[in-house]
Amino acid sequence: MSDFAESRASFACETNNKAVNEIFQSRLQDFQVRTEIGSQVASNDKASLFSLYEGNMKPTFEAIGEYDRDEKYNEIFNEESRIVMLEQKNHLKAFVSLRFDTEEGEDDRIYAVVYLYELQVEKDCRGKKIGKRCIDALNTLTKHLKLDKTMLTVSKYNPFAVKFYGNNQFIFDEIDPSWYEGGEDENYHIMSRV
Ligand SMILES: CC(C)(COP(=O)(O)OP(=O)(O)OC[C@H]1O[C@@H](n2cnc3c(N)ncnc32)[C@H](O)[C@@H]1OP(=O)(O)O)[C@@H](O)C(=O)NCCC(=O)NCCS
(Lines give C-alpha, C1' and ligand atoms only; values in the text may rest on other atoms or scores of the structure.)
Protein backbone atom coordinates (compact mmCIF):
# COMPACT_ATOMS: atom_id res chain seq x y z
CA MET A 1 0.00 0.00 0.00
CA SER A 2 2.80 2.42 0.83
CA ASP A 3 4.55 1.63 -2.46
CA PHE A 4 5.57 4.88 -4.06
CA ALA A 5 3.07 6.78 -1.89
CA GLU A 6 5.21 9.91 -1.95
CA SER A 7 5.49 9.88 -5.72
CA ARG A 8 1.78 9.19 -6.15
CA ALA A 9 0.96 12.11 -3.82
CA SER A 10 3.44 14.38 -5.65
CA PHE A 11 1.90 13.38 -8.95
CA ALA A 12 -1.56 14.18 -7.56
CA CYS A 13 -0.34 17.63 -6.49
CA GLU A 14 0.36 18.35 -10.17
CA THR A 15 -3.30 17.73 -11.07
CA ASN A 16 -4.71 20.84 -12.65
CA ASN A 17 -7.79 22.53 -11.25
CA LYS A 18 -9.73 21.80 -14.42
CA ALA A 19 -9.47 18.04 -13.88
CA VAL A 20 -10.61 18.38 -10.25
CA ASN A 21 -13.41 20.69 -11.33
CA GLU A 22 -14.74 18.29 -13.98
CA ILE A 23 -15.14 15.50 -11.45
CA PHE A 24 -17.18 17.73 -9.11
CA GLN A 25 -19.15 19.39 -11.90
CA SER A 26 -20.26 16.04 -13.34
CA ARG A 27 -21.92 15.19 -10.00
CA LEU A 28 -23.22 18.66 -9.22
CA GLN A 29 -24.80 19.73 -12.47
CA ASP A 30 -27.29 21.97 -10.68
CA PHE A 31 -24.34 24.18 -9.63
CA GLN A 32 -21.65 26.22 -11.31
CA VAL A 33 -18.47 24.66 -9.96
CA ARG A 34 -15.14 26.50 -9.76
CA THR A 35 -11.89 25.10 -8.43
CA GLU A 36 -8.96 27.27 -7.40
CA ILE A 37 -5.76 27.07 -5.39
CA GLY A 38 -6.55 28.35 -1.90
CA SER A 39 -3.98 31.15 -1.90
CA GLN A 40 -5.13 32.33 -5.36
CA VAL A 41 -8.80 32.78 -4.53
CA ALA A 42 -9.99 36.34 -5.23
CA SER A 43 -10.61 38.48 -2.17
CA ASN A 44 -14.39 38.76 -2.71
CA ASP A 45 -14.61 34.96 -2.97
CA LYS A 46 -12.46 34.62 0.14
CA ALA A 47 -14.94 36.78 2.01
CA SER A 48 -17.93 34.65 0.88
CA LEU A 49 -16.13 31.39 1.64
CA PHE A 50 -15.03 32.47 5.07
CA SER A 51 -18.43 33.88 5.90
CA LEU A 52 -20.00 30.49 5.03
CA TYR A 53 -17.37 28.74 7.13
CA GLU A 54 -17.89 31.01 10.13
CA GLY A 55 -21.69 30.90 9.88
CA ASN A 56 -21.55 27.10 10.05
CA MET A 57 -18.69 26.45 12.46
CA LYS A 58 -17.74 29.43 14.60
CA PRO A 59 -20.46 28.92 17.26
CA THR A 60 -19.47 25.26 17.75
CA PHE A 61 -15.76 25.98 18.14
CA GLU A 62 -16.21 29.17 20.15
CA ALA A 63 -18.42 27.30 22.60
CA ILE A 64 -15.53 24.96 23.39
CA GLY A 65 -12.89 27.69 23.33
CA GLU A 66 -11.25 26.34 20.19
CA TYR A 67 -11.85 29.03 17.61
CA ASP A 68 -8.70 30.50 16.06
CA ARG A 69 -9.77 32.66 13.14
CA ASP A 70 -6.32 33.33 11.68
CA GLU A 71 -5.23 29.71 11.85
CA LYS A 72 -8.40 28.60 10.05
CA TYR A 73 -8.16 31.38 7.46
CA ASN A 74 -4.56 30.44 6.63
CA GLU A 75 -5.46 26.76 6.48
CA ILE A 76 -8.31 27.28 4.01
CA PHE A 77 -6.54 29.83 1.80
CA ASN A 78 -3.31 27.91 1.68
CA GLU A 79 -1.18 27.39 -1.40
CA GLU A 80 -1.48 23.63 -0.90
CA SER A 81 -5.25 23.56 -0.79
CA ARG A 82 -7.79 23.33 -3.58
CA ILE A 83 -11.05 25.11 -3.01
CA VAL A 84 -14.05 23.78 -4.90
CA MET A 85 -16.84 26.38 -4.90
CA LEU A 86 -20.45 25.48 -5.68
CA GLU A 87 -22.54 28.42 -6.81
CA GLN A 88 -26.05 29.11 -8.03
CA LYS A 89 -26.78 32.45 -9.69
CA ASN A 90 -23.35 33.63 -8.57
CA HIS A 91 -24.11 32.90 -4.92
CA LEU A 92 -21.91 30.54 -2.98
CA LYS A 93 -23.94 27.59 -1.64
CA ALA A 94 -21.22 25.16 -0.57
CA PHE A 95 -17.51 24.55 -0.76
CA VAL A 96 -14.90 21.87 -0.33
CA SER A 97 -11.31 22.39 0.73
CA LEU A 98 -8.97 19.50 -0.02
CA ARG A 99 -5.30 18.69 -0.29
CA PHE A 100 -3.25 15.94 -1.88
CA ASP A 101 -0.90 14.64 0.76
CA THR A 102 0.76 11.71 2.46
CA GLU A 103 -0.19 10.39 5.88
CA GLU A 104 1.70 8.04 8.11
CA GLY A 105 -0.32 5.05 9.24
CA GLU A 106 0.52 2.32 11.68
CA ASP A 107 3.92 0.61 11.43
CA ASP A 108 5.37 3.60 9.55
CA ARG A 109 3.30 2.85 6.48
CA ILE A 110 2.83 5.86 4.24
CA TYR A 111 -0.45 6.45 2.45
CA ALA A 112 -1.12 8.83 -0.41
CA VAL A 113 -4.41 10.56 0.30
CA VAL A 114 -6.98 13.12 -0.64
CA TYR A 115 -7.38 14.97 2.65
CA LEU A 116 -10.73 16.68 3.07
CA TYR A 117 -10.20 19.81 5.15
CA GLU A 118 -13.63 21.38 4.81
CA LEU A 119 -17.07 20.48 3.53
CA GLN A 120 -19.45 23.35 4.16
CA VAL A 121 -23.02 23.58 2.91
CA GLU A 122 -25.19 26.63 3.46
CA LYS A 123 -27.99 25.94 5.96
CA ASP A 124 -30.84 26.42 3.45
CA CYS A 125 -29.26 23.94 1.03
CA ARG A 126 -28.73 21.00 3.38
CA GLY A 127 -30.41 17.63 3.00
CA LYS A 128 -30.23 17.81 -0.82
CA LYS A 129 -27.33 15.38 -1.17
CA ILE A 130 -24.80 18.09 -1.90
CA GLY A 131 -22.59 16.64 0.83
CA LYS A 132 -23.01 13.10 -0.45
CA ARG A 133 -22.23 14.14 -4.03
CA CYS A 134 -19.10 15.98 -2.87
CA ILE A 135 -17.97 12.83 -1.06
CA ASP A 136 -18.60 10.83 -4.24
CA ALA A 137 -16.48 13.32 -6.18
CA LEU A 138 -13.67 13.12 -3.62
CA ASN A 139 -13.73 9.36 -3.74
CA THR A 140 -13.61 9.40 -7.54
CA LEU A 141 -10.64 11.76 -7.35
CA THR A 142 -8.90 9.37 -4.95
CA LYS A 143 -9.46 6.42 -7.30
CA HIS A 144 -8.68 8.36 -10.47
CA LEU A 145 -5.32 9.50 -9.08
CA LYS A 146 -4.54 6.02 -7.70
CA LEU A 147 -4.33 7.34 -4.15
CA ASP A 148 -4.97 5.07 -1.18
CA LYS A 149 -7.85 6.74 0.62
CA THR A 150 -9.85 9.85 1.37
CA MET A 151 -9.20 11.15 4.89
CA LEU A 152 -10.57 13.81 7.19
CA THR A 153 -10.51 15.09 10.75
CA VAL A 154 -13.83 15.83 12.41
CA SER A 155 -14.58 17.29 15.83
CA LYS A 156 -16.42 15.12 18.34
CA TYR A 157 -18.36 18.29 19.11
CA ASN A 158 -19.89 18.02 15.65
CA PRO A 159 -21.77 14.72 16.06
CA PHE A 160 -24.02 15.35 13.04
CA ALA A 161 -20.91 15.48 10.82
CA VAL A 162 -19.44 12.32 12.39
CA LYS A 163 -22.73 10.56 11.62
CA PHE A 164 -22.89 12.05 8.13
CA TYR A 165 -19.41 10.73 7.28
CA GLY A 166 -20.28 7.33 8.77
CA ASN A 167 -23.37 7.22 6.56
CA ASN A 168 -21.08 7.95 3.61
CA GLN A 169 -18.80 4.94 4.18
CA PHE A 170 -16.13 6.63 6.26
CA ILE A 171 -14.78 4.58 9.14
CA PHE A 172 -12.45 5.49 11.99
CA ASP A 173 -8.98 5.39 10.47
CA GLU A 174 -6.20 3.20 11.87
CA ILE A 175 -4.65 6.37 13.36
CA ASP A 176 -7.91 7.56 14.93
CA PRO A 177 -7.07 8.49 18.55
CA SER A 178 -9.84 6.29 19.94
CA TRP A 179 -7.83 3.14 19.08
CA TYR A 180 -5.07 4.23 21.45
CA GLU A 181 -4.95 4.29 25.22
CA GLY A 182 -6.02 7.71 26.46
CA GLY A 183 -7.11 8.64 22.93
CA GLU A 184 -10.76 8.77 23.94
CA ASP A 185 -9.90 12.07 25.66
CA GLU A 186 -9.05 13.67 22.32
CA ASN A 187 -11.81 15.86 20.92
CA TYR A 188 -11.56 14.74 17.30
CA HIS A 189 -11.82 11.69 15.10
CA ILE A 190 -9.75 10.81 12.06
CA MET A 191 -11.91 9.04 9.52
CA SER A 192 -11.15 7.55 6.13
CA ARG A 193 -12.76 5.84 3.19
CA VAL A 194 -10.85 3.50 0.89
C1 LIG B 1 -22.49 17.85 7.16
C2 LIG B 1 -22.97 18.53 5.88
C3 LIG B 1 -21.77 18.87 5.03
C4 LIG B 1 -23.89 17.58 5.12
O5 LIG B 1 -24.26 18.20 3.89
P6 LIG B 1 -25.66 17.91 3.18
O7 LIG B 1 -25.59 18.43 1.80
O8 LIG B 1 -26.79 18.36 4.02
O9 LIG B 1 -25.61 16.31 3.16
P10 LIG B 1 -26.58 15.27 2.48
O11 LIG B 1 -27.82 15.94 1.97
O12 LIG B 1 -25.80 14.46 1.54
O13 LIG B 1 -26.93 14.34 3.73
C14 LIG B 1 -27.48 14.86 4.91
C15 LIG B 1 -28.24 13.82 5.70
O16 LIG B 1 -29.06 14.47 6.69
C17 LIG B 1 -30.44 14.36 6.34
N18 LIG B 1 -31.17 15.61 6.41
C19 LIG B 1 -32.46 15.77 6.23
N20 LIG B 1 -32.82 17.04 6.39
C21 LIG B 1 -31.73 17.72 6.67
C22 LIG B 1 -31.45 19.08 6.92
N23 LIG B 1 -32.39 20.01 6.95
N24 LIG B 1 -30.18 19.42 7.14
C25 LIG B 1 -29.24 18.52 7.11
N26 LIG B 1 -29.45 17.21 6.88
C27 LIG B 1 -30.67 16.81 6.67
C28 LIG B 1 -30.43 13.90 4.92
O29 LIG B 1 -31.60 13.16 4.64
C30 LIG B 1 -29.17 13.04 4.87
O31 LIG B 1 -29.35 11.79 5.49
P32 LIG B 1 -29.29 10.43 4.63
O33 LIG B 1 -27.90 10.34 4.06
O34 LIG B 1 -29.57 9.38 5.65
O35 LIG B 1 -30.33 10.58 3.59
C36 LIG B 1 -23.80 19.80 6.19
O37 LIG B 1 -24.77 19.47 7.15
C38 LIG B 1 -22.98 20.96 6.71
O39 LIG B 1 -22.45 21.75 5.93
N40 LIG B 1 -22.88 21.10 8.03
C41 LIG B 1 -22.17 22.20 8.67
C42 LIG B 1 -20.71 22.13 8.37
C43 LIG B 1 -20.08 20.86 8.86
O44 LIG B 1 -20.32 20.41 9.96
N45 LIG B 1 -19.22 20.31 7.99
C46 LIG B 1 -18.43 19.15 8.31
C47 LIG B 1 -17.21 19.64 9.01
S48 LIG B 1 -16.02 18.36 9.20
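Colleague: Which residue of β5 stands opposite Val113?

Modeller: This is a predicted model, in which local features need pLDDT of at least 70, side-chain atom pairs count only at pLDDT 80 or more, and totals for chains, interfaces and linings use all residues. Residues are numbered from 1 along each chain as its sequence is written. Strands (E, at least two residues) and helices (H or I, at least four) are DSSP runs numbered from the N terminus, and two strands pair if DSSP finds at least two bridges between them. β4 and β5 pair in the parallel sense over 4 bridges, and opposite Val113 in β5 stands Lys149.

Colleague: In what order do the strands of the sheet lie?

Modeller: The sheet is open, has 7 strands and shows mixed pairing. β1 (32-37) and β6 each have a single partner strand, so one side of each is left without a neighbour, and these two stand at the edges. Read across, the order is β1-β2-β3-β4-β5-β7-β6.

Colleague: Which residue of β7 is the bridge partner of Thr153?

Modeller: Strand β5 (residues 149-155) pairs with strand β7 (residues 188-193) in the antiparallel sense, over 6 bridges. For Thr153 the partner is Ile190.

Colleague: How many residues separate β3 and β4 in their hairpin?

Modeller: The two strands run antiparallel and are joined by 11 bridges, with Phe100 opposite Val114 in β4. In the turn, Asp107 has a positive phi of about 55°. The number of residues between β3 and β4 is 5.

Colleague: Is Asp108 buried or exposed?

Modeller: Asp108 is found in the loop between β3 and β4, and its C-alpha atom is 39 Å from that of Arg126, although the two are 18 residues apart in sequence. A residue is buried if 20 or more other C-beta atoms lie within 10 Å of its own, exposed if 12 or fewer, and partly exposed in between, with C-beta atoms placed from the backbone. Asp108 has 7 such neighbours and is therefore exposed.

Colleague: How many residues of β4 are buried?

Modeller: β4 is largely enclosed by the rest of the structure. The largest nonpolar core has 44 residues, such a core being a set of buried Ala, Val, Leu, Ile, Met, Phe, Trp, Tyr and Cys residues joined through C-beta atoms within 7 Å. β4 gives the most to this core, with 8 residues. Of the 12 residues of β4, the number that are buried is 10.

Colleague: Which residues does Val114 touch?

Modeller: Val114 is among the core members that touch the most other members. Two residues are in contact if their C-beta atoms, placed from the backbone, lie within 7 Å. Not counting residues up to four places away in sequence, Val114 touches Leu98, Phe100, Leu138, Leu141, Thr142, Leu147 and Thr150.

Colleague: How many other C-beta atoms lie within 10 Å of Lys93?

Modeller: Lys93 lies in strand β3 (residues 91-104). Not counting residues up to four places away in sequence, Lys93 touches Phe31, Leu86, Glu87, Gln88, Glu122 and Cys125. Lys93 is buried because the number of other C-beta atoms within 10 Å is 21.

Colleague: What is the phi of Lys129?

Modeller: Lys129 is found in the loop between β4 and α5 and counts as exposed, with 12 C-beta neighbours inside 10 Å. The phi of Lys129 is positive in a residue other than glycine, at near 65°.

Colleague: Which elements give two or more residues to the shell around the ligand?

Modeller: A residue is near the molecule if its C-beta atom, placed from the backbone, lies within 6 Å of it. By this rule 16 residues surround the ligand, the closest being Val121, Arg126, Gly127, Gly131 and Lys132. The elements that give two or more residues are β4 (110-121), α5 (130-144) and α6 (159-167).
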